[in-house]
Amino acid sequence: MLRAGRHAPPAAGQRPGLIIAGATGALGNEVLRWLVGSGRFATAQVLAREPITAGLRGVTSTDVPSDDPVEWPPTRAHVGVVLFDPPRMFYERERALWTPTPEQLPALAAWMRRSGVLTLAVVLPHEQGRLPEALKRGLANFDEHAVAALGFERLLILRSATKPKEIRHTNPFTRVAAFMLSVFKYMIPSSEQPARAAKIAQLLGHALELAPAGIHIAAPETVWQASQGDAREAALRWLC
């Protein structure tokens, strides 16, 4: 069950506590591994529907009493991460984890704020096209303003990765030049790869380390660029 109690900000030099809602799917798994492996967090909780044995050292499961975060007593954490990737049903552990829907985000964020969370990161699926249509519509319309009004010191929103649009050249000479250069794209396969969950997890980890106070939204193109190259450099361009 959730542990009640208020949580003061961590003292200088003390590692913060982490809580993750939706540690499922390829992205959730990578985010959990990257953040726990970074050594920046003293504890890491994952929300679950039933007791599970976590596979990573330093990770514990926190059972939620219902599907409505409004009813939950507060827990204790400084940093919260929310993901929406559906669980992979052939993973028994993921079936036991609690994954939010977009409609639950405001209530979930409010519960995290009551639990002492000062930094909240909302990470949309890195491959949104694979989700059911109803969930895609929900993600497109989730209430960012309601979450921003809750008073987090830092709010990070990472949108679904989208490859930047091709530039259309009107000048015939630039069109020919662009066509000639496009031939060499086949020699750089990394630039054509789909967004990789591990890279998105790295972008999130660096963002949690670098972001100043305020609201920070990573555009789809920013997330895509991070997934294709140096995630830390992408975070620096985004936040600094």
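Tutor: Let's start with handedness: a crossing is right-handed if the near helix is turned clockwise from the far one by less than a right angle, and left-handed if it is turned anticlockwise. Keep that in mind, and keep in mind too that this is a predicted model.

The part to look at is helix H7, residues 197-210. For orientation, the protein chain has 9 helices and 7 strands, and buried residues make up 44% of its 240 residues. Among contacts between residues at least 6 apart in sequence, 79% join residues at least 24 apart.

H8 covers residues 220-228, and its axis comes within 8 Å of the H7 axis, with the two crossing at roughly 115°. Angles from 65 to 115 degrees count as roughly perpendicular, so H7 and H8 are roughly perpendicular to each other. H7 passes H8 in a right-handed crossing. On the H7 side the contact uses Lys199, Ile200 and Leu203, which meet Val223, Ala226 and Ser227 in H8. Sorted by class, that contact has 4 nonpolar, 1 polar and 1 charged residues.

Now go on to helix H9, residues 231-239. Here the axes of H7 and H9 also come within 8 Å, but they cross at roughly 45°, and H7 and H9 are therefore oblique to each other. H7 passes H9 in a right-handed crossing as well. Look at who takes part: Lys199, Gln202, Leu203, His206, Ala207, Glu209 and Leu210 from H7 meet Ala231, Arg232, Ala234, Ala235, Leu236, Trp238 and Leu239 from H9. By class, the contact of H7 with H9 holds 9 nonpolar, 2 polar and 3 charged residues. Lys199 and Leu203 turn up in the H9 contact and in the H8 contact.

Then there's helix H1, residues 25-37, which packs on H7 at an angle of about 45° with the axes 8 Å apart. That makes H1 oblique to H7, and H1 passes H7 in a right-handed crossing. From H1 you get Ala26, Leu27, Glu30, Val31, Trp34 and Leu35, and they meet Ala197, Ala198, Ile200, Ala201, Gln202, Leu204, Gly205, His206 and Leu208 in H7. The residues of this contact divide into 11 nonpolar, 3 polar and 1 charged. Gln202 and His206 meet H1 residues here, and both are also on the list for H9. Ile200 meets H1 and is part of the H8 contact too.

Next, the core. The largest nonpolar core has 41 residues, and those with the most contacts inside it are Ile20, Val81 and Leu158. The largest share of this core, 7 residues, comes from H7. Apart from it lies another core, of 22 residues, including Met112, Val117, Leu124 and Leu155.

Leu156 sits in strand S6, residues 154-158, and at 0% relative accessibility it counts as buried. Beyond its neighbours within four places in sequence, Leu156 is in contact with Ala207 and Leu208, along with Leu120, Ala121, Val122, Ala211 and His216. Ala207, for its part, belongs to the H7 side of the H9 contact.

To recap the helix itself: H7 crosses H8 at roughly 115°, crosses H9 at roughly 45°, and packs with H1 at about 45°.

Notes. Residues numbered from 1 in each chain as written. Predicted model: local features only at pLDDT ≥ 70, side-chain atom pairs only at ≥ 80, totals over all residues. Heavy atoms only, no water. Axes fitted to C-alpha atoms, helices over the stretch in contact; angles between N-to-C directions. Helix = DSSP H or I, 4+ residues; strand = E, 2+ residues; numbered from the N terminus. Parallel < 35°, antiparallel > 145°, perpendicular 65-115°, else oblique. Contact = heavy atoms within 4.5 Å. Nonpolar A, V, L, I, M, F, W, Y, C, P; charged D, E, K, R; others polar. Core = buried A, V, L, I, M, F, W, Y, C linked by side-chain atoms within 4.5 Å. Buried < 20%, exposed > 50% of the residue type's maximum accessible area, 1.4 Å probe, protein only.
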